[in-house]
Amino acid sequence: MSAPVNAARPAARSSAEPPRGVWSGTALQVVGRVWSASCTLGTFALLAHWLEPAAFGRFTFYLAVFAWLDSLANLGTGEVAVQRTATDPEAIHAVLAAGRRIRVLAGLLGVVLVGGWALLEGESGAVWILLASFYPVTHALELGAVVFRNRISWRVPVMMRSAASTMSFVFVLALRLAEVREPALYVLGVAAGSTIANVLLHFAAKRALPPLLDAPPPAPNFFRDALPLGLSALCSQMYFYIDNVFVRVFVGETELGHYNVAVRFMSLSIMIAQYVTLAALPWLMRCHAEGRLAEALGNLGPKTFAAAGAMAGLCWPWTYEILELFHPGTGAASASFRWLLGASTAIYAGSLFVTAVVATGSNRSKFAITAFALALNLGANFYAVPRFGITGAGCTTFVTESVVAIGALIALHRAGVRVLSSRAWIWLGGPLAFALAAAASSLVHGA
(Lines give C-alpha, C1' and ligand atoms only; values in the text may rest on other atoms or scores of the structure.)
Protein backbone atom coordinates (compact mmCIF):
# COMPACT_ATOMS: atom_id res chain seq x y z
CA MET A 1 0.00 0.00 0.00
CA SER A 2 1.38 3.40 -0.91
CA ALA A 3 0.68 6.17 1.58
CA PRO A 4 -1.19 9.12 0.09
CA VAL A 5 1.21 11.85 -0.75
CA ASN A 6 -0.78 14.51 1.03
CA ALA A 7 -1.43 12.61 4.25
CA ALA A 8 -0.66 14.08 7.64
CA ARG A 9 0.90 17.29 6.39
CA PRO A 10 1.22 19.78 9.23
CA ALA A 11 -0.81 22.85 8.40
CA ALA A 12 1.67 25.32 9.87
CA ARG A 13 4.73 23.95 8.10
CA SER A 14 5.71 24.27 4.47
CA SER A 15 6.58 21.05 2.71
CA ALA A 16 9.97 22.59 1.91
CA GLU A 17 10.75 22.72 5.60
CA PRO A 18 11.09 19.21 7.06
CA PRO A 19 10.62 18.69 10.82
CA ARG A 20 13.70 19.28 12.95
CA GLY A 21 13.55 15.64 14.06
CA VAL A 22 14.36 14.52 10.52
CA TRP A 23 17.77 16.16 10.68
CA SER A 24 18.54 15.18 14.26
CA GLY A 25 17.39 11.66 13.44
CA THR A 26 19.69 11.57 10.43
CA ALA A 27 22.61 12.75 12.55
CA LEU A 28 21.88 10.14 15.23
CA GLN A 29 21.65 7.37 12.64
CA VAL A 30 24.94 8.41 11.07
CA VAL A 31 26.66 8.40 14.46
CA GLY A 32 25.16 5.00 15.23
CA ARG A 33 26.21 3.65 11.84
CA VAL A 34 29.77 4.90 12.30
CA TRP A 35 29.95 3.10 15.64
CA SER A 36 28.43 -0.08 14.19
CA ALA A 37 30.79 0.06 11.20
CA SER A 38 33.73 0.56 13.56
CA CYS A 39 32.70 -2.55 15.51
CA THR A 40 32.35 -4.49 12.25
CA LEU A 41 35.75 -3.37 10.97
CA GLY A 42 37.23 -4.20 14.37
CA THR A 43 35.75 -7.68 14.10
CA PHE A 44 37.14 -8.06 10.58
CA ALA A 45 40.60 -6.88 11.64
CA LEU A 46 40.62 -9.22 14.63
CA LEU A 47 39.54 -12.30 12.70
CA ALA A 48 41.57 -11.57 9.56
CA HIS A 49 44.69 -11.91 11.72
CA TRP A 50 43.44 -14.98 13.59
CA LEU A 51 41.52 -17.20 11.19
CA GLU A 52 42.90 -18.92 8.15
CA PRO A 53 42.14 -16.94 4.97
CA ALA A 54 39.54 -19.47 3.79
CA ALA A 55 37.87 -19.53 7.22
CA PHE A 56 37.76 -15.73 7.31
CA GLY A 57 36.17 -15.72 3.85
CA ARG A 58 33.53 -18.19 5.09
CA PHE A 59 32.78 -15.90 8.05
CA THR A 60 32.24 -12.87 5.78
CA PHE A 61 30.09 -15.00 3.46
CA TYR A 62 27.66 -15.84 6.24
CA LEU A 63 27.48 -12.22 7.37
CA ALA A 64 26.29 -11.38 3.86
CA VAL A 65 23.76 -14.22 3.99
CA PHE A 66 22.40 -12.96 7.30
CA ALA A 67 21.97 -9.44 5.88
CA TRP A 68 19.66 -11.03 3.30
CA LEU A 69 17.83 -12.93 6.05
CA ASP A 70 17.19 -9.64 7.83
CA SER A 71 15.32 -8.38 4.76
CA LEU A 72 13.44 -11.66 4.45
CA ALA A 73 12.26 -11.45 8.06
CA ASN A 74 11.19 -7.82 7.59
CA LEU A 75 9.35 -8.53 4.31
CA GLY A 76 8.13 -4.96 4.01
CA THR A 77 6.29 -5.01 7.35
CA GLY A 78 8.28 -2.10 8.80
CA GLU A 79 7.33 0.30 6.02
CA VAL A 80 3.66 -0.73 6.01
CA ALA A 81 3.52 -0.44 9.81
CA VAL A 82 4.61 3.19 9.49
CA GLN A 83 2.12 3.83 6.69
CA ARG A 84 -0.78 2.48 8.73
CA THR A 85 0.02 3.98 12.11
CA ALA A 86 1.63 7.36 11.42
CA THR A 87 -1.81 8.99 11.12
CA ASP A 88 -3.78 6.37 13.09
CA PRO A 89 -1.98 5.60 16.37
CA GLU A 90 -4.95 3.56 17.61
CA ALA A 91 -4.21 0.91 14.95
CA ILE A 92 -0.76 0.15 16.28
CA HIS A 93 -1.61 -3.01 18.23
CA ALA A 94 -3.49 -4.55 15.31
CA VAL A 95 -0.63 -3.67 12.97
CA LEU A 96 2.00 -5.07 15.33
CA ALA A 97 0.08 -8.33 15.70
CA ALA A 98 -0.22 -8.78 11.92
CA GLY A 99 3.34 -7.72 11.25
CA ARG A 100 4.81 -9.97 13.92
CA ARG A 101 3.01 -13.02 12.56
CA ILE A 102 4.52 -12.35 9.14
CA ARG A 103 7.99 -11.77 10.60
CA VAL A 104 7.93 -15.00 12.61
CA LEU A 105 6.89 -17.06 9.59
CA ALA A 106 9.39 -15.34 7.29
CA GLY A 107 12.13 -15.75 9.89
CA LEU A 108 11.40 -19.47 10.23
CA LEU A 109 11.56 -19.77 6.45
CA GLY A 110 15.06 -18.29 6.70
CA VAL A 111 15.98 -20.93 9.28
CA VAL A 112 14.95 -23.65 6.84
CA LEU A 113 16.75 -22.04 3.89
CA VAL A 114 20.06 -21.24 5.60
CA GLY A 115 20.27 -23.52 8.64
CA GLY A 116 18.77 -26.44 6.74
CA TRP A 117 21.09 -25.86 3.78
CA ALA A 118 24.14 -25.79 6.07
CA LEU A 119 23.14 -29.15 7.58
CA LEU A 120 22.40 -30.77 4.22
CA GLU A 121 25.66 -29.54 2.68
CA GLY A 122 27.68 -30.63 5.71
CA GLU A 123 29.10 -27.14 6.18
CA SER A 124 31.76 -26.75 8.83
CA GLY A 125 29.99 -25.72 12.04
CA ALA A 126 26.55 -26.37 10.52
CA VAL A 127 24.88 -26.70 13.93
CA TRP A 128 26.15 -23.25 14.94
CA ILE A 129 24.91 -21.80 11.65
CA LEU A 130 21.51 -23.38 12.30
CA LEU A 131 21.33 -21.80 15.76
CA ALA A 132 22.45 -18.41 14.43
CA SER A 133 19.79 -18.53 11.69
CA PHE A 134 17.09 -18.25 14.39
CA TYR A 135 18.24 -14.70 15.14
CA PRO A 136 16.15 -13.00 12.38
CA VAL A 137 13.00 -14.42 13.99
CA THR A 138 13.56 -11.92 16.82
CA HIS A 139 12.87 -9.10 14.36
CA ALA A 140 9.24 -9.79 15.28
CA LEU A 141 10.03 -8.19 18.63
CA GLU A 142 11.94 -5.31 17.04
CA LEU A 143 8.85 -4.27 15.04
CA GLY A 144 7.61 -2.37 18.09
CA ALA A 145 10.17 0.32 17.26
CA VAL A 146 7.56 1.74 14.86
CA VAL A 147 6.34 3.78 17.83
CA PHE A 148 9.66 5.66 17.81
CA ARG A 149 9.74 6.03 14.01
CA ASN A 150 6.30 7.64 14.03
CA ARG A 151 7.54 10.21 16.53
CA ILE A 152 10.66 10.79 14.39
CA SER A 153 12.58 9.94 17.55
CA TRP A 154 15.61 7.81 16.72
CA ARG A 155 17.46 7.94 20.04
CA VAL A 156 16.29 4.59 21.43
CA PRO A 157 16.54 2.60 18.14
CA VAL A 158 20.03 3.97 17.47
CA MET A 159 21.12 3.17 21.02
CA MET A 160 19.91 -0.40 20.62
CA ARG A 161 21.57 -0.76 17.21
CA SER A 162 24.83 0.47 18.72
CA ALA A 163 24.38 -1.90 21.67
CA ALA A 164 23.89 -4.80 19.24
CA SER A 165 27.16 -3.99 17.46
CA THR A 166 28.99 -3.58 20.76
CA MET A 167 27.73 -6.88 22.18
CA SER A 168 28.51 -8.71 18.94
CA PHE A 169 32.07 -7.39 19.04
CA VAL A 170 32.42 -8.34 22.72
CA PHE A 171 31.24 -11.90 21.97
CA VAL A 172 33.67 -12.15 19.05
CA LEU A 173 36.48 -10.86 21.26
CA ALA A 174 35.63 -13.41 23.96
CA LEU A 175 35.72 -16.24 21.42
CA ARG A 176 39.05 -14.99 20.11
CA LEU A 177 40.51 -14.90 23.62
CA ALA A 178 39.28 -18.47 24.01
CA GLU A 179 41.28 -19.26 20.83
CA VAL A 180 38.26 -20.53 18.89
CA ARG A 181 39.06 -21.36 15.27
CA GLU A 182 35.59 -22.29 13.98
CA PRO A 183 34.19 -19.35 11.90
CA ALA A 184 30.59 -20.48 12.43
CA LEU A 185 30.93 -19.82 16.17
CA TYR A 186 31.93 -16.24 15.43
CA VAL A 187 28.82 -15.93 13.23
CA LEU A 188 26.78 -17.17 16.19
CA GLY A 189 28.47 -14.58 18.42
CA VAL A 190 27.49 -11.75 16.06
CA ALA A 191 23.91 -13.08 15.88
CA ALA A 192 23.70 -13.32 19.67
CA GLY A 193 24.51 -9.63 20.08
CA SER A 194 21.78 -8.63 17.63
CA THR A 195 19.28 -10.97 19.27
CA ILE A 196 19.79 -9.44 22.73
CA ALA A 197 19.42 -5.93 21.30
CA ASN A 198 16.11 -6.85 19.60
CA VAL A 199 14.76 -8.14 22.91
CA LEU A 200 15.84 -4.96 24.73
CA LEU A 201 14.30 -2.78 22.01
CA HIS A 202 11.03 -4.70 22.39
CA PHE A 203 10.80 -3.89 26.10
CA ALA A 204 11.77 -0.25 25.51
CA ALA A 205 9.06 0.11 22.85
CA LYS A 206 6.50 -1.71 24.98
CA ARG A 207 6.68 1.05 27.59
CA ALA A 208 6.03 3.67 24.89
CA LEU A 209 3.00 1.91 23.37
CA PRO A 210 -0.57 2.86 24.34
CA PRO A 211 -2.20 0.32 26.70
CA LEU A 212 -3.85 -2.70 25.10
CA LEU A 213 -7.33 -3.06 26.58
CA ASP A 214 -8.76 -5.81 24.34
CA ALA A 215 -7.48 -8.30 21.82
CA PRO A 216 -6.24 -6.37 18.77
CA PRO A 217 -8.58 -6.44 15.77
CA PRO A 218 -7.38 -7.83 12.44
CA ALA A 219 -5.40 -5.64 10.08
CA PRO A 220 -6.94 -6.38 6.66
CA ASN A 221 -4.70 -6.82 3.61
CA PHE A 222 -1.55 -6.24 5.62
CA PHE A 223 0.38 -8.98 3.85
CA ARG A 224 -0.85 -7.86 0.43
CA ASP A 225 0.43 -4.35 1.08
CA ALA A 226 3.74 -5.47 2.57
CA LEU A 227 4.70 -8.04 -0.06
CA PRO A 228 5.73 -5.71 -2.94
CA LEU A 229 7.94 -3.64 -0.63
CA GLY A 230 9.35 -6.80 0.91
CA LEU A 231 10.17 -8.33 -2.46
CA SER A 232 11.82 -5.09 -3.55
CA ALA A 233 14.02 -5.07 -0.43
CA LEU A 234 14.94 -8.73 -0.99
CA CYS A 235 15.95 -7.97 -4.57
CA SER A 236 18.10 -5.05 -3.40
CA GLN A 237 19.82 -7.13 -0.74
CA MET A 238 20.33 -9.98 -3.18
CA TYR A 239 21.92 -7.94 -5.96
CA PHE A 240 24.14 -6.25 -3.37
CA TYR A 241 25.37 -9.48 -1.78
CA ILE A 242 24.84 -12.26 -4.35
CA ASP A 243 28.35 -11.71 -5.72
CA ASN A 244 29.55 -13.45 -2.54
CA VAL A 245 28.15 -16.71 -3.88
CA PHE A 246 29.85 -16.30 -7.27
CA VAL A 247 33.19 -15.31 -5.75
CA ARG A 248 33.10 -18.20 -3.28
CA VAL A 249 32.29 -20.75 -6.00
CA PHE A 250 34.48 -19.48 -8.85
CA VAL A 251 37.37 -17.76 -7.07
CA GLY A 252 37.61 -19.14 -3.54
CA GLU A 253 37.11 -18.13 0.06
CA THR A 254 40.48 -16.41 0.46
CA GLU A 255 39.72 -13.88 -2.28
CA LEU A 256 36.19 -13.58 -0.92
CA GLY A 257 37.58 -12.34 2.38
CA HIS A 258 39.65 -9.67 0.62
CA TYR A 259 36.68 -8.62 -1.51
CA ASN A 260 34.33 -8.31 1.46
CA VAL A 261 36.71 -5.94 3.25
CA ALA A 262 36.42 -3.62 0.24
CA VAL A 263 32.64 -4.04 0.29
CA ARG A 264 32.58 -3.03 3.97
CA PHE A 265 34.47 0.16 3.19
CA MET A 266 32.00 0.85 0.40
CA SER A 267 29.05 0.25 2.76
CA LEU A 268 30.49 2.82 5.15
CA SER A 269 30.88 5.36 2.36
CA ILE A 270 27.19 5.21 1.31
CA MET A 271 25.63 5.65 4.75
CA ILE A 272 24.93 9.37 4.21
CA ALA A 273 22.94 8.52 1.08
CA GLN A 274 20.91 5.93 2.98
CA TYR A 275 20.00 8.12 5.90
CA VAL A 276 19.46 11.37 4.02
CA THR A 277 16.92 9.70 1.74
CA LEU A 278 15.26 7.92 4.67
CA ALA A 279 14.87 11.22 6.50
CA ALA A 280 13.83 13.17 3.38
CA LEU A 281 11.01 10.86 2.25
CA PRO A 282 8.12 12.68 4.03
CA TRP A 283 9.38 16.02 2.69
CA LEU A 284 9.66 14.63 -0.84
CA MET A 285 6.10 13.31 -0.60
CA ARG A 286 4.83 16.78 0.32
CA CYS A 287 6.79 18.34 -2.54
CA HIS A 288 5.25 15.83 -4.95
CA ALA A 289 1.77 16.75 -3.71
CA GLU A 290 2.55 20.39 -4.55
CA GLY A 291 4.04 19.53 -7.94
CA ARG A 292 7.57 20.52 -6.90
CA LEU A 293 9.30 17.14 -6.60
CA ALA A 294 11.68 17.77 -9.52
CA GLU A 295 12.67 21.10 -7.96
CA ALA A 296 13.21 19.45 -4.58
CA LEU A 297 15.43 16.79 -6.14
CA GLY A 298 17.42 19.49 -7.92
CA ASN A 299 17.97 21.30 -4.61
CA LEU A 300 18.96 18.21 -2.61
CA GLY A 301 20.58 15.71 -4.95
CA PRO A 302 23.38 17.38 -6.94
CA LYS A 303 25.22 18.63 -3.86
CA THR A 304 25.42 15.23 -2.17
CA PHE A 305 26.11 13.56 -5.54
CA ALA A 306 29.07 15.86 -6.22
CA ALA A 307 30.43 15.46 -2.68
CA ALA A 308 30.22 11.69 -2.99
CA GLY A 309 32.02 11.78 -6.34
CA ALA A 310 34.79 13.96 -4.92
CA MET A 311 35.37 11.69 -1.91
CA ALA A 312 35.38 8.55 -4.06
CA GLY A 313 37.77 10.19 -6.53
CA LEU A 314 40.20 11.17 -3.75
CA CYS A 315 40.31 7.55 -2.58
CA TRP A 316 40.55 6.04 -6.07
CA PRO A 317 44.39 6.02 -6.46
CA TRP A 318 44.90 4.88 -2.86
CA THR A 319 42.74 1.77 -2.77
CA TYR A 320 45.70 -0.60 -2.34
CA GLU A 321 47.13 1.41 0.55
CA ILE A 322 43.74 1.73 2.26
CA LEU A 323 43.10 -2.00 2.13
CA GLU A 324 46.64 -2.89 3.19
CA LEU A 325 46.23 -0.73 6.29
CA PHE A 326 43.44 -3.07 7.29
CA HIS A 327 45.42 -6.28 6.83
CA PRO A 328 48.45 -7.26 4.70
CA GLY A 329 47.29 -9.05 1.58
CA THR A 330 43.88 -7.39 1.45
CA GLY A 331 45.26 -5.00 -1.16
CA ALA A 332 44.61 -7.81 -3.66
CA ALA A 333 41.08 -6.38 -3.83
CA SER A 334 42.38 -2.95 -4.91
CA ALA A 335 40.95 -3.10 -8.44
CA SER A 336 37.59 -4.28 -7.08
CA PHE A 337 37.59 -1.43 -4.59
CA ARG A 338 38.00 1.09 -7.41
CA TRP A 339 34.88 -0.22 -9.13
CA LEU A 340 33.06 -0.17 -5.79
CA LEU A 341 33.98 3.49 -5.30
CA GLY A 342 32.30 4.20 -8.62
CA ALA A 343 29.29 2.21 -7.46
CA SER A 344 29.09 4.23 -4.24
CA THR A 345 28.94 7.43 -6.29
CA ALA A 346 26.11 6.00 -8.41
CA ILE A 347 24.25 5.03 -5.23
CA TYR A 348 24.14 8.66 -4.10
CA ALA A 349 22.07 9.47 -7.17
CA GLY A 350 20.18 6.18 -7.37
CA SER A 351 19.14 6.14 -3.72
CA LEU A 352 17.60 9.60 -4.03
CA PHE A 353 15.83 8.78 -7.30
CA VAL A 354 14.42 5.50 -5.92
CA THR A 355 13.18 7.32 -2.81
CA ALA A 356 11.51 9.86 -5.07
CA VAL A 357 9.81 7.00 -6.93
CA VAL A 358 8.35 5.89 -3.59
CA ALA A 359 7.29 9.48 -2.90
CA THR A 360 5.19 9.40 -6.09
CA GLY A 361 3.42 6.28 -4.82
CA SER A 362 4.86 4.08 -7.60
CA ASN A 363 5.68 1.06 -5.44
CA ARG A 364 5.32 -1.33 -8.36
CA SER A 365 7.87 0.69 -10.29
CA LYS A 366 10.32 0.36 -7.43
CA PHE A 367 9.87 -3.42 -7.45
CA ALA A 368 10.31 -3.53 -11.23
CA ILE A 369 13.57 -1.55 -10.97
CA THR A 370 15.06 -3.79 -8.29
CA ALA A 371 13.89 -6.99 -10.00
CA PHE A 372 15.50 -5.93 -13.29
CA ALA A 373 18.68 -4.93 -11.44
CA LEU A 374 18.81 -8.37 -9.80
CA ALA A 375 18.42 -10.17 -13.13
CA LEU A 376 21.13 -8.00 -14.68
CA ASN A 377 23.42 -8.57 -11.70
CA LEU A 378 23.02 -12.35 -11.86
CA GLY A 379 23.78 -12.45 -15.57
CA ALA A 380 26.75 -10.11 -15.27
CA ASN A 381 28.22 -12.08 -12.37
CA PHE A 382 27.87 -15.34 -14.31
CA TYR A 383 29.94 -13.75 -17.07
CA ALA A 384 32.42 -11.57 -15.17
CA VAL A 385 33.42 -13.45 -12.02
CA PRO A 386 34.74 -16.65 -13.69
CA ARG A 387 36.74 -14.51 -16.14
CA PHE A 388 37.91 -11.58 -14.03
CA GLY A 389 37.54 -12.77 -10.43
CA ILE A 390 36.75 -10.24 -7.73
CA THR A 391 37.47 -7.36 -10.14
CA GLY A 392 34.57 -8.62 -12.23
CA ALA A 393 32.38 -8.70 -9.14
CA GLY A 394 33.21 -5.07 -8.36
CA CYS A 395 32.54 -4.01 -11.95
CA THR A 396 29.19 -5.80 -11.89
CA THR A 397 28.20 -3.89 -8.74
CA PHE A 398 29.05 -0.60 -10.45
CA VAL A 399 27.00 -1.47 -13.54
CA THR A 400 24.05 -2.62 -11.43
CA GLU A 401 23.91 0.51 -9.27
CA SER A 402 24.22 2.73 -12.34
CA VAL A 403 21.29 0.91 -13.98
CA VAL A 404 19.21 1.34 -10.80
CA ALA A 405 19.79 5.10 -10.93
CA ILE A 406 18.87 5.26 -14.62
CA GLY A 407 15.82 3.04 -14.13
CA ALA A 408 14.55 5.20 -11.27
CA LEU A 409 15.09 8.33 -13.39
CA ILE A 410 12.98 6.76 -16.18
CA ALA A 411 10.26 5.81 -13.68
CA LEU A 412 10.16 9.38 -12.41
CA HIS A 413 9.85 10.68 -15.96
CA ARG A 414 6.91 8.33 -16.59
CA ALA A 415 5.31 9.60 -13.37
CA GLY A 416 5.52 13.16 -14.68
CA VAL A 417 8.56 14.21 -12.62
CA ARG A 418 10.96 15.75 -15.16
CA VAL A 419 14.16 15.77 -13.13
CA LEU A 420 16.36 16.71 -16.13
CA SER A 421 13.97 19.16 -17.77
CA SER A 422 15.60 22.14 -16.05
CA ARG A 423 19.28 22.67 -15.24
CA ALA A 424 20.20 19.12 -16.22
CA TRP A 425 23.87 20.11 -16.16
CA ILE A 426 23.89 20.30 -12.35
CA TRP A 427 23.72 16.50 -12.21
CA LEU A 428 27.10 16.29 -13.97
CA GLY A 429 28.76 17.29 -10.69
CA GLY A 430 29.03 13.70 -9.48
CA PRO A 431 31.10 12.23 -12.37
CA LEU A 432 33.02 15.49 -12.90
CA ALA A 433 33.95 15.75 -9.22
CA PHE A 434 35.02 12.10 -9.29
CA ALA A 435 37.26 12.62 -12.34
CA LEU A 436 38.87 15.83 -11.07
CA ALA A 437 39.46 14.50 -7.58
CA ALA A 438 40.89 11.25 -8.92
CA ALA A 439 43.25 13.16 -11.23
CA ALA A 440 44.47 15.43 -8.43
CA SER A 441 44.84 12.56 -5.98
CA SER A 442 46.77 10.55 -8.60
CA LEU A 443 49.28 13.35 -8.92
CA VAL A 444 49.91 13.23 -5.18
CA HIS A 445 50.03 9.44 -5.21
CA GLY A 446 52.60 9.37 -7.98
CA ALA A 447 54.78 12.08 -6.47
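Thr138 sits in the loop that joins α5 (126–132) to α6 (139–142), and in this predicted model the residue is buried, with a relative accessible area of 15%. Once neighbours within four places in sequence are set aside, the contacts of Thr138 are with Thr195 and Asn198.

Another loop residue, Leu51, is placed between α1 (20–50) and α2, and Leu51 is buried as well, its relative accessible area being 4%. Leaving aside neighbours within four places in sequence, Leu51 is in contact with Phe56, Val180, Arg181, Pro183 and Tyr186. Between the C-alpha atoms of Leu51 and Ala368, which are 317 residues apart along the chain, the separation is 41 Å.

Backbone angles come next. Most residues other than glycine have a negative phi. Leu75, in the loop between α2 and α3 (77–85), has a positive phi near 50° without being a glycine, and Glu179, in the loop between α8 (155–177) and α9 (183–208), likewise has a positive phi, of about 60°, although it is not a glycine. Is Leu75 buried or exposed? Leu75 is buried, with a relative accessible area of 10%, whereas Glu179 is exposed, at a relative accessible area of 56%.

The table collects the accessibility of several residues discussed in this report.

| Residue | State | Relative accessible area |
|---|---|---|
| Thr138 | buried | 15% |
| Leu51 | buried | 4% |
| Leu75 | buried | 10% |
| Glu179 | exposed | 56% |
| His258 | buried | 14% |

Two helix pairs can be described in detail. The axes of helix α2 (residues 53–74) and helix α4 (residues 92–121) come within 7 Å of one another and cross at roughly 155°, which makes α2 roughly antiparallel to α4. The crossing of these two helices, α2 and α4, is right-handed. On the side of α2, the contact is made by Tyr62, Val65, Phe66, Trp68, Leu69, Leu72, Ala73 and Asn74, and α4 contributes Arg103, Ala106, Gly107, Leu109, Gly110, Leu113, Val114, Trp117 and Ala118. Sorted by class, the residues of the contact between α2 and α4 comprise 13 nonpolar, three polar and one charged.

How do the axes of α10 and α17 run, and at what angle do they cross? Helix α10 (residues 222–241) and helix α17 (residues 363–414) have axes that come within 9 Å and cross at roughly 15°, so that α10 is roughly parallel to α17. The crossing of α10 with α17 is left-handed. In this contact, Pro228, Leu229, Leu231, Ser232, Cys235, Ser236, Met238, Tyr239 and Phe240 of α10 meet a set of residues in α17 made up of Asn363, Lys366, Phe367, Thr370, Ala371, Ala373, Leu374, Asn377, Thr400, Glu401 and Val404. By class, the contact of α10 with α17 holds twelve nonpolar, six polar and two charged residues.

Helix α11 (residues 243–250) has as its buried residues Asp243, Asn244, Phe246, Val247 and Arg248. Which helices do the buried residues of α11 pack against? They pack against α2, α4, α10, α12 and α17, a list that includes the members of both helix pairs described above. After α11 comes Gly252, with a positive phi near 125°.

Helix α12 (residues 253–269) contains His258, which is buried, with a relative accessible area of 14%. Not counting residues up to four places away in sequence, His258 touches Gly329, Thr330, Ala332 and Ala333.

Aromatic rings form the last topic. A pair of aromatic rings is described by the distance of the centres and the angle of the planes. How many aromatic pairs does a search of the whole structure find? The search finds nine aromatic pairs. For Phe61 and Tyr62, the ring centres are 5.3 Å apart and the planes stand at 80°, so this pair is edge-to-face. Both Phe61 and Tyr62 are buried, and Tyr62 is also one of the α2 residues in contact with α4. Elsewhere, Phe44, Phe56 and Phe59 are linked into a cluster by ring pairs, and Phe56 is among the residues in contact with Leu51.

Technical notes. Residues numbered from 1 in each chain as written. Predicted model: local features only at pLDDT ≥ 70, side-chain atom pairs only at ≥ 80, totals over all residues. Heavy atoms only, no water. Axes fitted to C-alpha atoms, helices over the stretch in contact; angles between N-to-C directions. Helix = DSSP H or I, 4+ residues; strand = E, 2+ residues; numbered from the N terminus. Parallel < 35°, antiparallel > 145°, perpendicular 65-115°, else oblique. Left-handed = near helix turned anticlockwise from the far one by under 90°. Contact = heavy atoms within 4.5 Å. Nonpolar A, V, L, I, M, F, W, Y, C, P; charged D, E, K, R; others polar. Buried < 20%, exposed > 50% of the residue type's maximum accessible area, 1.4 Å probe, protein only. Phe/Tyr/Trp six-rings, centres within 6.5 Å; stacked < 30°, edge-to-face > 60°.
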